[in-house]
Amino acid sequence: MSDWLSARTLAVIVLLAALVLLPVYVEFTGNRFLLTLFTRIIILALAAVSLNLILGFGGMMSFGHAVYLGIGGYSVGMLAHEGIYSGFVQWPVALAMSALFALVIGALSLRTRGVYFIMITLAFAQMAYYVVAGLARYGGDDGLTIYKRSQFFEPINLSNKTQFYYICLALLYASIYLVWRIVNSRFGMVIQGSRSNETRMRAIGFPTFRYKLTCFVIAGILCGLSGALLANHTDFVSPAMMYWTRSGDLIIMVVLGGMGSVIGPVFGAIMLLVLEETLSGITEYWQIILGPLLLLVVLFARGGIDGLLGKVRHA
Amino acid sequence: MPDLLQVENLAKRFGGIVATDDLSIVIPEGQLHAVIGPNGAGKTTLIAQLSGQLTPDSGRIQFAGTDITALPMPARSALGLARSFQITSLFLDLSVLDNVALAVQAHAGHSFHFWRDARREAELRDPARSALERVGLKLRENLPASALSHGEHRQLELAMALASKPRMLLLDEPMAGLGPEESARMVAMLRELKKELTILLVEHDMEAVFALADRITVLVYGRVIASGKPEEIRSNAQVRDAYLGEQEAVHA
């Protein structure tokens, strides 16, 4: 730990710097596709970072986290559909709606444990999925095309791909910093203690429910932000954004990258989406390769990629 | 001395089994009161009701003049009633110091602080370190709790109970599973603690009980069959028949 320039620190610095420099590389090579791919990776990494806050640090195994991607995305999409394009309206609404949903879902599901918690969070997400799929005014099953990206003041222009990439990256880095502060704060210690031994937390005097619920809402808001970005990225929202397989993808990113490591989900998101991109070019059944890989991580590298890089798990 | 804990006519049954049967105990401030009894006498059930983990069917529990019968665990803990677990219940994946610091934090107001690094707050770390020092775990503070031995887990339990600055400790078999040396160390530690704290001690180790207790209550099938000074308990024929004789026979 005193050896601050460990393999892990180095890998993290290289990763963070590489993501900053990526558009420069794209400029030189003209590989615009890479920019689009990595914008998507960064947006979903933000969602995975938010899931990791409750799953990795709080031990709350939410199987419906993608619901906030959908809520954030649809807040932007529906407002745009009604002719409201201002990002100063769309984004706060996206965050507030995500917070509200997380508050309701958390208030009910956090009273349960284990398998029941997994099932309830899954059930809420599927409910939202079917409700949205039934909204004919907003495209129902087919989804909703967004004709204009969120508008901010000059010179911010989300339609400029490089600019949009940097906005997403800045928000990802800010979120990572925020999560890092949170998990090491007093609040974070309560969350980690609850993951480790909730009975004991209550016995020494912590009313754990309110802390876990607050944490659940923070994670929902961050994921809602990711949803708002995703809607702007694809210029399209559809119920599939919150389908349960998407929630599964987020869990895979967290597990691959390393649960309970602040930066881990970024590694996980890059790995999963780059694998998906390259392997699906080789075979339609690319998940046949992903499956065994996940097994290996779960069986032999509990700390995920970040664990392999030598993260000392003090938390 | 004023009474710190008053238990009146406590009763708890699980189906047909009577775990606590019309039980009354009064513990004055500063006393170490031991509760002994054969397996299944309802000792752990008693502690669970005192700490708030179980709700009694009837009866009343008063602590420091407050009726706590209906209070949940965190509220009792906030009043100064701390419990250590029979089966050690720690935060195994956190460091030894983190374990104790959490116990300090539990009594340092609410924890809705999202920004400052809790591992650098002297207000949490210093009392935690001093509690670790008192139980002799100072040098182990940076290890994960899972790396400690069984005896050290007990010491850590005690440090956590101390860190909450309790007025009264509920100790559920702190010697269980300890070797002779570790037991002796624990007895010495409890002797120090009883100078400052009121303690209710549930323990099977009779040598430790008679060495430490100011008063002893004997439970059989959830019912108090005797209560008094150690000498009185030792010479009580009923207790001998029910319990001590059998124990000593086993020990001999």
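Me: What should I know about numbering and confidence?
Reply: Residues count from 1 along each chain as its sequence is written, and chains are lettered from A in the order in which they are written. The model is predicted: local features need pLDDT of at least 70, side-chain atom pairs count only at pLDDT 80 or more, and totals for chains, interfaces and linings use all residues.

Me: What span should helix H9 of chain A have?
Reply: Helices are DSSP runs (H or I, at least four residues) and strands likewise (E, at least two), numbered from the N terminus. The expected span is 1.5 Å times one less than the number of residues. H9(A) covers residues 244–257, so its 14 residues should span 20 Å; the end C-alpha atoms are 20 Å apart, which agrees. Gly258(A) follows, with a positive phi near 125°.

Me: How many residues of H9(A) are buried?
Reply: Count other C-beta atoms, placed from the backbone, within 10 Å: 20 or more is buried, 12 or fewer exposed, in between partly exposed. In H9(A), 10 of 14 residues are buried, including Arg246(A), Asp249(A) and Leu250(A). Their cover includes H2 (32–57), H5 (114–133) and H10 (264–282) of chain A.

Me: Which residues touch the most other members of the largest nonpolar core?
Reply: In soluble globular proteins, nonpolar side chains tend to be buried together. A core here joins buried Ala, Val, Leu, Ile, Met, Phe, Trp, Tyr and Cys residues through C-beta atoms within 7 Å. The largest has 164 residues; Ala45(A), Ala48(A), Leu51(A), Val100(B) and Ala159(B) touch the most other members. H2(A) gives the most, 15 residues. Domain 1 (1–80 + 166–252) and domain 2 (90–165) of chain B both contribute, so the core lies between them. Those bounds come from an automatic or database domain assignment.

Me: Where is Leu92(B) found?
Reply: Leu92(B) sits in the loop between strand E6 (81–84) and helix H3 (96–105) of chain B. Leu92(B) counts as partly exposed because it has 15 C-beta neighbours inside 10 Å. Contact means C-beta atoms, placed from the backbone, within 7 Å. Beyond four places in sequence, Leu92(B) touches Ser196(A), Ala145(B) and Ser146(B).

Me: How many residues of chain B are in contact with chain A?
Reply: 29 residues of chain B meet 23 of chain A. Helix H2(B) gives the most to the chain B side, with 4 residues. By class, that side has 15 nonpolar, 9 polar and 5 charged residues. Nonpolar means Ala, Val, Leu, Ile, Met, Phe, Trp, Tyr, Cys and Pro; charged means Asp, Glu, Lys and Arg; the others, Gly among them, are polar.

Note on methods: Contact = placed C-beta atoms within 7 Å.
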